[in-house]
Structures are given as C-alpha cells and as structure tokens.
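Please keep the sequence and the model in view while reading.

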Amino acid sequence: MESPYKGKTGLRRLINAFGYSVDGLKAAYRNEDAFRQEVLMAVILIPLACYLGNDGIAKALMIGSVLLVLVVELLNSAIEATVDRISLENHQLAKRAKDIGSAAVLVSLINLAAVWALLILG
C-alpha cells in the first residue's frame with residue numbers, strides 16, 4: 001500500500017514535509033533521552049562556537065560538528081524504532097543494526113571532539 005501523501009507536489013508537499021519533520025523532532029525529544037542530552041549540549045556549544053570561533057569557517061565547522069551529532073542521533077533513533085517495531089525479541093541482526101547505529105553516534109561525537117580540539121588548540 002502506497003502512502004496517500006506521496007503524490008503531493010509543490011507547496012503542499014513542502015508544508016507536509018515540514019510538518020512531518022517537526023513531528024519527528026518532537027517525538028525524538030519526547031522519547032529519546034540521548035537526543036535530549038545532545039540538544040542540551042547543542043544549546044551550550046552552539047553559542048560557545050560563535051564566541052570561540054576565530055572566523056566564519058571555524059564557527060561553521062564547530063556548529064556543523066554539533067549539528068552532525070543531532071542528525072546521526074535522529075537516524076540512530078529511527079533505526080532503533082524500526083527494529084523494535086519489527087520485533088522485540090533478541091536477534092543477532094537486530095543487535096547488529098542497533099550497535100552500528102550507536103557506533104555512528106560515537107563516531108560523530110569523536111568528530112565533534114576532534115574538530116573543537118583542532119580549532120581551539122590550533
């Protein structure tokens with residue numbers, strides 16, 4: 001069965017897409033502890049990046065690395081929700097999917113630390 005919203009085009013599609021995105025952000029914030037923690041981190045680090053960044057490129061890299069963590073966490077949460085929707089039983093492939101999603105979050109956090117360290121410490 002295909003989604004009844006797939007055929008929308010133009011402004012209606014943009015309005016629908018924006019609404020779905022807002023719903024996704026709300027759901028992640030409401031249901032995912034890690035996402036809430038990373039939003040708090042972003043609230044602190046983004047203004048700090050604006051203060052500490054020497055130029056526009058440094059600020060963009062610092063802010064981009066923070067936003068990347070949020071993006072990866074959202075994708076990881078989507079993977080986890082999908083796996084849980086399919087089955088809550090322990091399965092090797094379900095564990096692998098969740099572990100790989102978690103590893104992606106870890107890599108994005110390492111990236112954040114490396115970018116900030118390189119830009120702040122020179």
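Contact here means heavy atoms within 4.5 Å. By that criterion, and leaving aside residues up to four places away in sequence, Asn-76 touches Lys-98, Gly-101, Ser-102 and Val-105. We return to this residue below.

This is a predicted model, in which local features need pLDDT of at least 70 and side-chain atom pairs count only at pLDDT 80 or more, while totals for chains, interfaces and linings use all residues. Residues are numbered from 1 along each chain as its sequence is written, and side-chain values use heavy atoms, with hydrogens and water left out.

The predictor's confidence in each residue is given as pLDDT, from 0 to 100. Its mean over the chain is 95, and 98% of the residues reach 70 or more. Confidence is lowest in helix α1 (residues 10-31), with a mean of 95, and highest in helix α2 (residues 33-52), with 98.

The chain has 4 helices and 0 strands; here helices (H or I, at least four residues) and strands (E, at least two) are DSSP runs, numbered from the N terminus. Read from the N terminus, the order of elements is α-α-α-α.

What radius of gyration does the chain have? The value is 18 Å, whereas a compact globule of 122 residues would have one near 14 Å. The radius is taken over C-alpha atoms, and the globule rule is 2.2 Å times the number of residues to the power 0.38. Along its principal axes, the C-alpha trace spans about 55 × 45 × 20 Å.

Of the 122 residues, 21% are buried. Buried means under 20% relative accessible area, exposed over 50%, and partly exposed in between (1.4 Å probe, protein chains only). The accessible surface of the chain comes to about 8,800 Å², and carbon and sulfur atoms account for 66% of that surface. These areas come from the Shrake-Rupley method with a 1.4 Å probe; for residues, only the protein chains shown count as cover. Among contacts between residues at least 6 apart in sequence, 64% join residues at least 24 apart.

Is Ala-28 buried or exposed? Ala-28 counts as buried because its relative accessibility is 7%. Its contacts, not counting residues up to four places away in sequence, are Phe-35 and Leu-74. Ala-28 and Ala-78 are 50 residues apart in sequence, yet their C-alpha atoms are 8.9 Å apart in space.

With 24% relative accessibility, Glu-80 counts as partly exposed. Beyond residues up to four places away in sequence, Glu-80 touches Glu-32 and Lys-98. Lys-98 is also one of the residues that Asn-76 touches.

Helix α4 (residues 92-121) contains Ile-100. Ile-100 counts as exposed because its relative accessibility is 53%. Its C-alpha atom is separated by 24 Å from that of Ile-63, which is 37 residues away along the chain.
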